[in-house]
Amino acid sequence: MKFLVKLFPEITIKSKPVRKDLVKQLRINIRRVLRQIDENVVVEGSWDKIEVLLPDADERTSKRAIEALQRVSGITNFLVVHEYPLADFHTIYLNAKALYEEQLEGKRFQVRVKRAGKHDFTSMDLERYVGGGLRQHTKAAGVDLSNPEVIISIEVRDDKYYLVEKRYEGLGGYPVGGLEPVVSLMSGGYDSGVASYLTMKRGMRTHFCFFNLGGTAHEVGVKQAALYLWEKYGGGQRVKFITVPFEGVVAEILDKIYHSNMGVVLKRMMLRAATQVARDLSATALVTGECVAQVSSQTLTNLNVIDSATDMLVLRPLIVTDKQDIIRMASQIGVEEFARNMPEYCGVISDRPTTKARDYRIENDEKRFDMQVLEQALANRRAINIDEIMQSELTVDEVEVVSTPSLDDVIIDIRHPNEQEKAPLMLTNNKILQVPFYELESRMAELDGETRYLLFCDKGVMSQLHASHLNGNGRKVLVYRPL
C-alpha cells in the first residue's frame, strides 16, 4: 500500500529553511508512528509531499496505518494511491478503468488531473481522453462536471502517475517537535486534556505536569489520560510525565491563606512549581486549560494576578471556548471518558471565593505561606518518560495473577472502550464484563460478592494497580494475565 501525504497549508508558505525542517520532522514522526505497525515502512519526503510505502501491508495493517496517519499533526490530507510509470493516454485509461469500473456503474463521474513537471500534454487533454473512454466503455451514467457522484483523481508527477483510490482528511497543524517544547498542567479533566491535544497538534512537544492534591487513584487516572493522548497524537516524541506532590502545599494554604483567596493562591503556587519544571526541561511556555469566567479563579482579574507569579509565558488554548465545545472536542479526540470519570480531590474549598483578587492582598497572604513547603514539593517531584508509564514501579500490594481462569471466574475487561472495540477479549468458557477502569469503583457494588473476578488489561500493569486499590478497600479481586 502506498500513500501520498499532503502538507498542512501553513507549512507550504514558510521560508525554505523552516519548511525544510518542518517536513523533515513530519517524516520522522510518520516513520516513528508507522514503524510500530510495519517495521518495513518506507517514508520519503520532498518539497511538497511525502510518500509512504507499506510494502507487505494486509487489510488489517492498512486500516491501522490509515487510522495512525489521521492522528499525525502536520498532514492536511493523504491519498491511497496506485503508482505507475508514466505511459501513453490509453494505458492510463486502461488502468483507471480497472480500478474504478465497479464504482462507476450507474453513477455520474468526473475525471480530475493534477500535474507537476514538464509534459507535452495538458491536464485537460488527459481528463478528456480518460473521461471519454470511461463514459463509452463502462456502465457509468455519464459525466457530470458540476456535481459528480464519483471523482476519478489522477496525479502526474514528472515520469510517474498515480491513480487515487481514496482520500482521507488529516489532523492539520504542525508536526509535533517542529516548535518549541511546553509543559502542560495536566489535571485529567476535560480542559487540560483538550488544551494538551491542541498544543501537540500545533507542533509543540508537550510534557505533562500533574499536581497531586491527594490520592493514588487520581494520579493513576491522569497518567492513563496523558498516556492515551501521547500515544494517539504525540508523534512518537519523547516527553516526560512529572508528578509534584502538592498535599503539603494544600495543607499550608488551608492553614495560612484567607479563605476567599485560596483558589488564586493555589494556582499561583502551581505556576511557580511548573515554571521550575519547565526550565529544567528547557521548555519555553506553560499550558493550562483555563477559560475566561468558567470558574471564580478564571476571571480576567484573577488570571492576571495568577500570571504575575511567573515570568514564563502561559498559553491558554481554550481561553474563549464554551464548555460544551470543550466537552465535544474531548469526545472527538477520545479523552471524554477519562475526564468524565476522573477522581476528584476537593482540597481547597473557598468560602465565597474572590473574583477580583488584588495583588497586594494576595502578596500579603503569601507572606504567611512557608515557601519551603513548595520547595520541598518540588524536591520530591517524580519524572518518568511517558512511554515508560506502563512499566513504572508504583508501590502496590502484591496481587495474585491468574493465567488460566477457572470455569466460574468472571473476567472484567478494564481497558478504554476504544481498545475494547479494536481488540475484543475472546474467551470460550468465561463470562466477560466490560467495565472501563474509570467506572470500576462506582460499579463494584453491583457485582456478586460470591463470584471470583479477574481484571484484564493489555499489559497487566494497570489491572494490577486497580486490583491492589480495590483489595485495599476490602474487595477481593485478581488479575487475569494470559500466557
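These legends describe close-up views of aromatic rings in a predicted model.

**View 1. Phe78 and Tyr168 form a stacked aromatic pair.** The structure holds eleven aromatic pairs, and this view shows one of them, Phe78 with Tyr168. Their ring centres lie 5.4 Å apart. The angle between the planes is 15°, and planes under 30 degrees apart count as stacked. Phe78 belongs to strand 4 (residues 75-85), while Tyr168 belongs to strand 8 (residues 160-172). The two parts are 90 residues apart in sequence, so the pair ties them together.

**View 2. Are Phe78 and Tyr168 buried or exposed?** Buried means under 20% relative accessible area. Phe78 has 0% relative accessibility, so Phe78 counts as buried. Tyr168 has a relative accessible area of 18%, so Tyr168 is buried.

**View 3. Phe89 and Phe121 form an edge-to-face pair.** Here the ring centres are 5.1 Å apart, with 85° between the planes. Planes over 60 degrees apart count as edge-to-face. Phe89 lies in helix 4 (residues 89-104). Phe121 lies in the loop between strand 5 (108-116) and helix 5 (123-137). The pair links distant parts of the chain, 32 residues apart.

**View 4. The charged end of Arg115 sits over the ring of Phe121.** The distance from this charged end to the ring centre is 5.8 Å. Phe121 has 11% relative accessibility, so Phe121 counts as buried. The ring of Phe121 also pairs with Phe89.

**View 5. Three residues form one aromatic cluster.** The members are Phe3, Phe78 and Tyr168.

Notes:
Residues are numbered from 1 along each chain as its sequence is written. This is a predicted model: local features need pLDDT of at least 70, side-chain atom pairs count only at pLDDT 80 or more; totals for chains, interfaces and linings use all residues. Side-chain values use heavy atoms; hydrogens and water are left out. Rings of Phe, Tyr and Trp (its six-membered ring) pair if their centres lie within 6.5 Å; planes under 30 degrees apart count as stacked, over 60 as edge-to-face and the rest as tilted. Helices (H or I, at least four residues) and strands (E, at least two) are DSSP runs, numbered from the N terminus. Buried means under 20% relative accessible area, exposed over 50%, partly exposed in between (1.4 Å probe, protein chains only). A charge sits over a ring if NZ of Lys or CZ of Arg is within 6 Å of the ring centre and within 35 degrees of the ring normal.
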